[in-house]
Amino acid sequence: MDILPTSFKDWPIILEINLVLGISFLILAFMLLCVVFYLRIYKNMRNSRKEKLEILLLDFINNYLFNDEFDKSKEIMEFGARHLKTGFDRKIALKQLLIFHENLKGESSALIKELFFGLGLYNFLISDLTKAAWYNKARALFVFCHMDVKIPEELVEPLINSNRNEVRQQAILYLLNQPADNPLGFLDKVDRGLTLWQQIYMEDSLKNYPGDMPDFSKWLDHKIASVVIFCLKMIADHNQFENTPAMLKLIDHPDPGVRQQAIISLRKMEVQEMLPILIHNFPRESTALKQEILKTIREIGSEKELQLVAPSINSKDRALKIDYLRIARYFNPKIAGSKLKAFNTDQLGLSKLSL
Amino acid sequence: MEINFNQIIEIASWIFLAYGLIICAGYIFSAIFSLIELRDYKRAHNFKDELALLQSSHLPKISVLAPAYNEEANVIENVRSLLTLDYPFFEIVVINDGSADGTLQRLIANFDLYQDEMVHYTHIRTQKVRGVYSSKNTAYKNLKVIDKVNGGKADALNTGINCCSHDIICCIDVDCILERDALLKLIKPFLNNTKKVIASGGIIRVANSCTIEDGRIIEVRLPDTFIARAQILEYFRAFLMGRMAWSRVDGLLLISGAFGMFDKKIVIEAGGYDHNTVGEDMELLVRMRRMMRERKIPYTVGFVPDPLCWTEVPQSWKVLHRQRNRWTRGTVETLTLHRKMLFNPKYGVLGILSTPYWMFFEWFAPIIEFFGVLFFIFLMFFGHVNWMVFAIFFGVIYSFSILFSITALFFEEFSFQQYKKPRYLIRLLGTALLEPIIYHPFVMWAAVKGNIDLIRGKKSWGKMTRTGLSNPTKKKSNVDSQLPQSKAAEYNTKKTTNISTQTSEH
């Protein structure tokens, strides 16, 4: 018995659907396969174009920089018109110029900038910056920052609070790298938290800042905790000891992250004045902060301070007890190895640990 | 109302069709989300400037946890390779899980280790730790070796969590090949996020046949065996399409045990790896996410699509069967343990999308497919098969399978294009054409068998063997052609890359 008719005309709908789907999938698969091959060919061609253009650019830039007989104004016009026709070509040119700019200084570096303007790349990037696509904006800012090219601030400032992390980061780095008395002035306008990533890049940019390091304490009362945390890190990194009184106040900050960073930075600066405050605060702090305090006592305190916090360690908090024991042993190496071993081997041996 | 035999058959046909259409729709959405995510990732990481990261003193410190069991043959080379990773602050914690061979002795001798009488934490209950070793040689100051009583990989990792020093942990298989910048890339989601990041995972790539030099992949080559090539397509589908799409909607339920980074504090609060499931990598992440959701703490899980970790996939049908059997059991165990999350809007995307997806399309798909096959055999037995109908049904499934594999190939071409030679592309296409007929039914059966074994109470890992990735320091070594079987590989395959079978269910 045939459950379904074999005549095409009488096919039930389920078969028709399946047939249509099957054919559609095959057509789609074939089309996608063509796209795969096209992508492969396109990428190969693009790479080949890239290699050729890079060679041309190398030759052109070297001549521009070092060949006295090179007719700069004429050649620059010709090169731009002949070789930099598409956005892709300009991106390759930008990469090459960035490499040269990074490796050259003084007059040569100024010539690279001259090339940057001469090849129309400034206008190209400014138009990117005004476009809606976030990745174009981020790239434009990245290049302006690394080429030390000044652009109207009104184009950059709104971007420090952009929805995209990448744009925010590039805007921050651009502003930070501008020759100004107050490289961190933009922090006053920041209304979004700084990610750790942004903080690291800011820290890196500040390392190369040619002027006097800004006074980071200006932002210790910033409304955003991550800005305060960043400034605390920088104060310690740049040894701004004059800011320790302001930092000490932050040990009582309502945000636990700020409190923790304040302890870490003060510890790094070996500010012993914080020890009495830490010992006072110890009972009401979280385990993470208690561990930070114990670490601080180990690094800048003494056995006496350690004993002061001992009564506040909960007998059930094994991690804290271990930290305590480690520090006790650091101060007093006579604590027998056998005792530590017994503690290690006994999974629940809290009772055996006498503080 | 009487329903005759033909009507039953028609209803069944409609059910199978509806199920198939839902799966197709799921895959199409996954492809779209994944494409958007990959495009954005490429755009966001256009600026290669990692020097600032490497120079920063504020980068989070990482503890790399590498469990080792009977790794005597390769452990020294593997650890040396790990020690050369590009990252400013990290420690390597090798956990010798009661090896019966000379793994520990070789480590002690080669790295000048001494037993450190430090007190270690016991955040998570584990088997007894026999000793913690550090090196006298300052060149290896970031190496720590823990010797413990054998307790399995989950237990070894938990011991590592207890004994490591840093707040971010990276759990790896000791015999996996990591790219030099693997840590730098995997840490990025932790750095570049306004939400709390509890874990981040990376793509696992197939190392079979690749050329390896000094523990690094020098040349990516396509494996000679069909079974390994089929798994390459599967990994493309699972990672480049599946995981990327889930990452887009923040619904990732699995980070491969072979290479994943976690916030140690959250792992400890969640209770660490579960010893009682064979899919503990998935179970841990689900438990962590569930805990965060229940505590109402905003969080996310990161995913990095760059090829960072290379592993060897099974080259024999027998080993593949065991692996897929175990993965199925792991999936079912995890879904059963966390059944409260299913269809529960309280868990957001996880409750509404991820867990139901895993249940219907990971757990049930092979079972439904198996019953479909049985149904076909039943019809054939009673002479009810209209071969034209069969051809059409088969055609639609086959064409979709091919479409899906070619989509995965497209994603590889679009993103990282690791298989550069044109002939590799042709061979992968050939594999895509054969895979639904040869490879897929086998994997389906392995999954069904996994369900049967679970019902029968099977809890073991099953013996896993690998051809081996060879001595990673050996110059110009071709993975396929080397190596005696390594017991260590058995241990590592126990937990490694649960890639999820999601993309193999056509």
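**Exercise 1.** Describe how helix 12 and helix 14 of chain A pack.

*Solution.*
Step 1. Two packed helices are described by the angle between their axes and the distance between the axes.
Step 2. Helix 12 (residues 256-268) and helix 14 (residues 287-300) of chain A meet at an angle of about 10°, and their axes are 10 Å apart. Helices are DSSP runs (H or I, at least four residues), numbered from the N terminus. Axes are lines fitted to C-alpha atoms over the stretch in contact, and angles run from 0 to 180 degrees between N-to-C directions.
Step 3. Therefore helix 12 of chain A is roughly parallel to helix 14 of chain A (angles under 35 degrees count as roughly parallel).
Step 4. Helix 12 of chain A brings residues including A:Ile263 and A:Ile264, and helix 14 of chain A brings residues including A:Leu289 and A:Ile293. In contact means C-beta atoms, placed from the backbone, within 7 Å.

The model is predicted: local features need pLDDT of at least 70, side-chain atom pairs pLDDT 80 or more, while totals for chains, interfaces and linings use all residues. Residues are numbered from 1 along each chain as its sequence is written, with chains lettered from A and ligands numbered from 1 in the order in which they are written.

**Exercise 2.** Work out which residues and elements join chain B to chain A.

*Solution.*
Step 1. Chain B gives 48 residues to the contact, and chain A gives 50 residues.
Step 2. On the side of chain B, helix 1 (5-44), helix 2 (51-55) and helix 13 (387-414) each give two or more residues.
Step 3. Helix 13 of chain B gives the most, with 16 residues.

**Exercise 3.** Find the contacts of B:Ile172.

*Solution.* Leave aside neighbours within four places in sequence. B:Ile172 then touches B:Val64, B:Ala66, B:Leu178, B:Ala258 and B:Phe259.

Methods. Two residues are in contact if their C-beta atoms, placed from the backbone, lie within 7 Å. Angles under 35 degrees count as roughly parallel, over 145 as roughly antiparallel, 65 to 115 as roughly perpendicular and the rest as oblique.
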